[in-house]
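Open the model in your viewer and keep the selection tool ready. The tour goes through pockets, then charged pairs, then aromatic rings.

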Amino acid sequence: MKYLVFDSKKEASKEAYKILKSLIDENSTLGLATGSTPTALYEEMIADHKAGNFSYKNVKSYNLDEYVGLKPEDEQSYAYFMKEHLFNAKPFAKSFLPNGMAEDADQECERYDKLLEEYHVGLQLLGIGRNGHIGFNEPGSSFDGKTHKVALTQSTINANSRFFDNEEDVPKYAYSMGIGTIMKSDTILLEAFGKNKAEAVKAMIEGPVTPEVPASVLQNHPDVVVIIDEEAASLLK
Ligand code: F6R
């Protein structure tokens, strides 16, 4: 696992974009994340697209996760987030997310796994939770997992309550792509910024590979680049 440390999220995201651009072409399939971490990277993508330097018109994308019970029009849904931060400015050929409103959870997971078989994810973007989750694969998740419905941990609910008016409004369940699927992508680009990610980053890079720290599984992947700022790197040896 290779990691690069930068002074700021802005600088780190510029580098992340350079790496992304060097790895994809107009026909690539991307795995995408939501949350506060990738927003600056998405701004870089939009700016370069608007400048006419990169066309995404044949690019496909799969998102990692979606809250159960939120409609795509709900401002806190990940479908809405993706429109706001990327898709409205720069539509891809096809973009897939789990459907938070699906009536049957098992069928929804099967549907998403079938969709995931259509295109191979060349580059997967990831953030990391304070508890070491990737996607919404919380501590204890199987390393072989496919798409599943997850009961979010209190740590994740607390962390994500900043996007909601009240903590009680944070959904308690989500659909998440599994770790087994994430590990099939050719390259993984994980970003992490801020002090509150320092422990998870240390455990991911220097700790044992254990389901208790889902991101530690990335030590087993042949091509992972971790992009972090000084604060997120502050506990590394
Ligand atoms: C979101 C996702 C999560 C986030 C993680 C960090 O699609 O998969 O794993 O990447 O919770 O969230 P932020 O970036 O908000 O700190």
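**Stop 1: the largest pocket**

By class, the lining of the largest pocket has 10 nonpolar, 12 polar and 5 charged residues. Here Ala, Val, Leu, Ile, Met, Phe, Trp, Tyr, Cys and Pro count as nonpolar, Asp, Glu, Lys and Arg as charged, and the others, Gly among them, as polar.

Before going on, note that this is a predicted model: local features need pLDDT of at least 70, side-chain atom pairs count only at pLDDT 80 or more, and totals for chains, interfaces and linings use all residues. Residues are numbered from 1 along each chain as its sequence is written, and side-chain values use heavy atoms, with hydrogens and water left out.

Select Gly35, Thr37, Ile128, His133 and Lys197: of the 27 lining residues, these lie nearest the centre of the largest pocket. (On a 1 Å grid over the protein atoms alone, a pocket is an open set of points where a 1.4 Å probe fits, with protein on both sides within 12 Å along at least five of seven lines; lining residues have an atom within 4 Å of a point.) The space in this pocket is about 460 Å³, a volume being the space filled by probe spheres set on the points, which are joined across faces, edges and corners. Now select helix H5 (residues 154-160), which gives the largest share of the lining, 4 residues. Helices (H or I, at least four residues) and strands (E, at least two) are DSSP runs, numbered from the N terminus.

**Stop 2: the second largest pocket**

The second largest pocket holds about 280 Å³ of space. Select Asp113, Leu116, Glu117, Thr181 and Lys184, the closest to its centre of the 14 lining residues. Helix H4 (105-116) and helix H6 (179-182) each supply at least two lining residues.

**Stop 3: charged pairs**

How many salt bridges are there? The count is 6, each a side-chain nitrogen of Lys or Arg within 4 Å of a carboxyl oxygen of Asp or Glu.

Select Lys14 and Glu44, which meet at 3.3 Å, N to O. Lys14 is in helix H1 (residues 9-23) and Glu44 in helix H2 (residues 39-50), 30 residues apart. Is Glu44 buried or exposed? Glu44 is buried, at 13% relative accessibility, while Lys14 is partly exposed at 40%. (Buried means under 20% relative accessible area, exposed over 50%, partly exposed in between, with a 1.4 Å probe and protein chains only.)

Next, pick Lys21 and Asp48, a salt bridge with its closest N and O atoms 2.7 Å apart. This pair also ties helix H1 to helix H2, 27 residues apart in sequence.

Move to helix H4, where Arg111 and Glu108 are 3 residues apart, about one helical turn. Their closest N and O atoms are 2.8 Å apart. Glu108 is buried at 5%; Arg111 is partly exposed at 35%.

**Stop 4: aromatic rings**

The structure holds 10 aromatic pairs. (Rings of Phe, Tyr and Trp, its six-membered ring, pair if their centres lie within 6.5 Å; planes under 30 degrees apart count as stacked, over 60 as edge-to-face and the rest as tilted.)

Select Tyr67 and Phe136: the centres are 5.8 Å apart and the planes at 40°, so the pair is tilted. Tyr67 is buried at 1%, and Phe136 is buried at 3%.

Then take Phe87 and Phe92, an edge-to-face pair with centres 5.6 Å apart and planes at 65°.

Finish on Lys90, over the face of Tyr56 at 4.1 Å from the ring centre. (A charge sits over a ring if NZ of Lys or CZ of Arg is within 6 Å of the ring centre and within 35 degrees of the ring normal.)
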